[in-house]
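Please look over the sequence and the model shown here before reading on.

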Amino acid sequence: MSDHNEQHHIVPIRVYIAVFLTLIAMTWVTAYVSTVDLGRLNIFVALSIAIFKASLVILFFMHVKYGTKLTKMIVLAGLYWLLLLLFIAMADLWTRGWMGVPGR
Amino acid sequence: MITAPAPVKETKNYLNAQTGLKSWLLTGDHKRIAVMYLIVVTAFFALGGVFASLIRLELATPAGDLMESNQYNKVFTMHGVLMVFFFLIPSIPATLGNFLIPLMIGAKDLAFPKINLLSWYIYMLGGVFTLYVLLTGGVDTGWTFYTPFSTSYSNGYVVAAGLGIFINGFSAILTGLNFIVTIHRMRAPGLTWFRLPLFVWAHYATSAIMILGTPVVAVTLFLLVLERGLHIGFFDPAYGGDPVLFQHLFWFYSHPAVYIMILPSMGVISEVISTFSSKKPFGYTFIAFSSVAIAVFGFLVWGHHLFVAGQSIYAGLVFSILSYVVAIPSAIKVFNWAATMYKGRVRLETPMLYALGFIGLFTVGGLTGIFLSSLGMDVHLTDTYFVVAHFHYVMVGGALLGYLAGLHFWWPKIFGRMYSQVWSKVSAALVFVGFNLTFFPQFLLGYMGMPRRYHVYPPEFQVFNVLSSAGASVLALGLILPAIYLTWSLKHGAIASANPWGATGLEWQTSSPPISENFEVTPVVTTEAYDYSTVPQEVVHVG
C-alpha cells in the first residue's frame, strides 16, 4: 500500500524520439502497403502494423514498460477483454452457416 | 472496528468549511462532488420520470389519443436514455460511492480529486448534448439505437444523442478508474482486502465493468455516428456492414451495464441488512467474491439479447447456458442476506424496509431473467411487455430501491440531519406497492402477447394497462415524498449523531457531516469488518 516502494523511471528523450520516428515510418509503410494488392493478406498486414504501433505507444509513451506488475496486469486484462469481445462475436459469425435456414 | 461512539463536535464540516458557488464548482472534495452529483442525478431522474408518466398516461387507453406514434417513439427513447445513462448508471457510484469509499477505507479523498471533478463536468457536458436533443425535437430510436434504423431511417437527432452518451461514458470511466486506484492504494493501515466493507467490494467490481465495458459502447456509438454521417460501412449491409455486429458491440457493454446498476445496490443492501440485523453478513467472503463473479460472468452473456436477431443457434446455446450461470452469484447474495437476518436483531427502520423490498423485487426480476435466457421461451417473449417488466424489476425494483435504501441510510452522515421516520416509512410502502402494481401486470400483458414500444393496442389489454398506469401514480407519489421530507430535513431535521443506526464501518466513526479531511487522525483498523461487539448497544436510533 505504500506509495514509496516503486521507482519513477526516467526515460531518455532519445527513446521518445526513436519511438516517434518509428511511428511516423510505420504510418508511411501503412500508406504504401495500401497501394499494393496482397490479396487476403491486405487486412492482416494493415492490422499487424497497427498493433505494432499501438504496442509502442502503450509500452513507451504510456510507460507500461516501466510500470509495476499490477499496471501490466491491468493492461493485459484490458487486452484480454478485447479478445473476448472479438472472439465470441466472431464465433457467432463462423457458426451461423452451420445450420441451414428452412426453405432456403 | 469501533471502540467508542464519536462525539458530535460543533466544528467546521465539509458543507460549511467554505462558502460560495465557486467553492463548490472548483472543489476537489469527494464529498462535495458527491453532493453535486446527487443534485444533477436527481434532476435527470425527475425528467426521466416525466417521460415515464407520459408513457403510462398514453397507455391508459387502447387508442393513441395523447400523442402520435412518432411522438411516442421519442418519449420512450428519452425515458430510456435519461434513466439508463444519466440516472441509473451514475446514481449510486457517483453519489454514495464518491462520498463513502474514501470514508470507508479511512482515506482523506479519492486518489485523483481533480479527475473526480472532471468526471462531473464531463457528465454535465453529456447531459447538455442530451438536453439539446430533447429541446430540438428528440430522438426516436429507443435507448438501444439499433441499426439500420438509427443509421439510415431515423429522422431524430441520433448523432447528437450518440455524442451525448459517448461523452457521458468518459465520466463513468474516470469514476471507475478513481475507485480502483483509491481502493488499491489508499486503504488505512490494517484495512486488508478482507476487512473491507462489502459496499467497497461491490464498487471495486463495478469499477472494473465501467473501465472494461464503457469504451466499447463509446466506440460503438462513434461508429454509428460515422456510418450515419459519413456512410462508412460498419453495420449497414448496403455499405458492406453487418447489423448484428452493432447488437454484439452494443450489448457487450449494455448487458454488463445492468450490473453497473445492480452491483452497487447490492453493496448498499449488504451494509443495510447487516446493520439493521446487528450481525456480520453471513458468508462475507462469498458475497465479496460473488460481486467479482457477477462482473466477470456478466461480460459473457450479452448474446441473450440476440436470440431472435439472426445470431447463430450455436452461439445462442452458449449464451443461454452462460446466462443461467450468472444467476448463481446473484442467488448467493440473496440467500446470504436472508441468512444474515436469521436470528438477527432485525429493526425495521426505513433503509431496512427498502432493503427488504429490494430482496423481493430483485428476486422476481432475476428469476424472470431465467425465463428470458431460455432459448425457446425467449422466442415467445422477445420484444413483449414481459421483457419490460423483467428489466424494470431489476433496474427499478433492484437498482432504484438500493439507491433509496442507501440514500436513507447515509443521509444523516451526508447532511448531518435526520428525516421523518413516519413519512419515510409511508414512502417506502408506497414505492413497494406502487411498483408492483405498475409492473406485475406487465408480465401478464407480455405473456399474452402485447409488444413493447406501441402506443395503440387491442382493447383486451386495457385492464392490465389501467392497473399499470394506476400503479405508476402510486409509485410517483412514493418517489415525490422523499424529495419533500429529505429537503425539509436539511433545515428542520433533528441533528444526527455520528452513528445514528449503530453501524460498524469507519464512516460512522467520524462526525456527521464529516470534516473536510474526513478524519481528525488517520484511523488504524485492528478488527474484522462488521464487528458489532464493539458498537455500544445504546447507540441505536429511534424516531
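## Basis of the description

This is a predicted model, in which local features need pLDDT of at least 70 and side-chain atom pairs count only at pLDDT 80 or more, while totals for chains, interfaces and linings use all residues. Residues are numbered from 1 along each chain as its sequence is written, and chains are lettered from A and ligands numbered from 1 in the order in which they are written.

## Chain A

Chain A holds three helices and zero strands, where helices are DSSP runs of H or I of at least four residues and strands are runs of E of at least two, numbered from the N terminus. Of the 104 residues in chain A, 2% are buried, a residue being buried if 20 or more other C-beta atoms, placed from the backbone, lie within 10 Å of its own.

## Helices of chain B

Helix 4 (residues 113-136) of chain B packs against helix 6 (residues 158-185) of chain B at an angle of about 165 degrees, with the axes 8 Å apart; axes are lines fitted to C-alpha atoms over the stretch in contact, and angles run from 0 to 180 degrees between N-to-C directions. The two helices are therefore roughly antiparallel, a term for angles over 145 degrees.

In helix 11 of chain B, 17 of the 24 residues are buried, so this helix is largely enclosed by the rest of the structure.

## Contact between the chains

The contact takes 13 residues from chain A and 14 residues from chain B, with residues counted in contact if their C-beta atoms, placed from the backbone, lie within 7 Å.

Methods
Two residues are in contact if their C-beta atoms, placed from the backbone, lie within 7 Å. Angles under 35 degrees count as roughly parallel, over 145 as roughly antiparallel, 65 to 115 as roughly perpendicular and the rest as oblique. A residue is buried if 20 or more other C-beta atoms lie within 10 Å of its own, exposed if 12 or fewer, and partly exposed in between; C-beta atoms are placed from the backbone.
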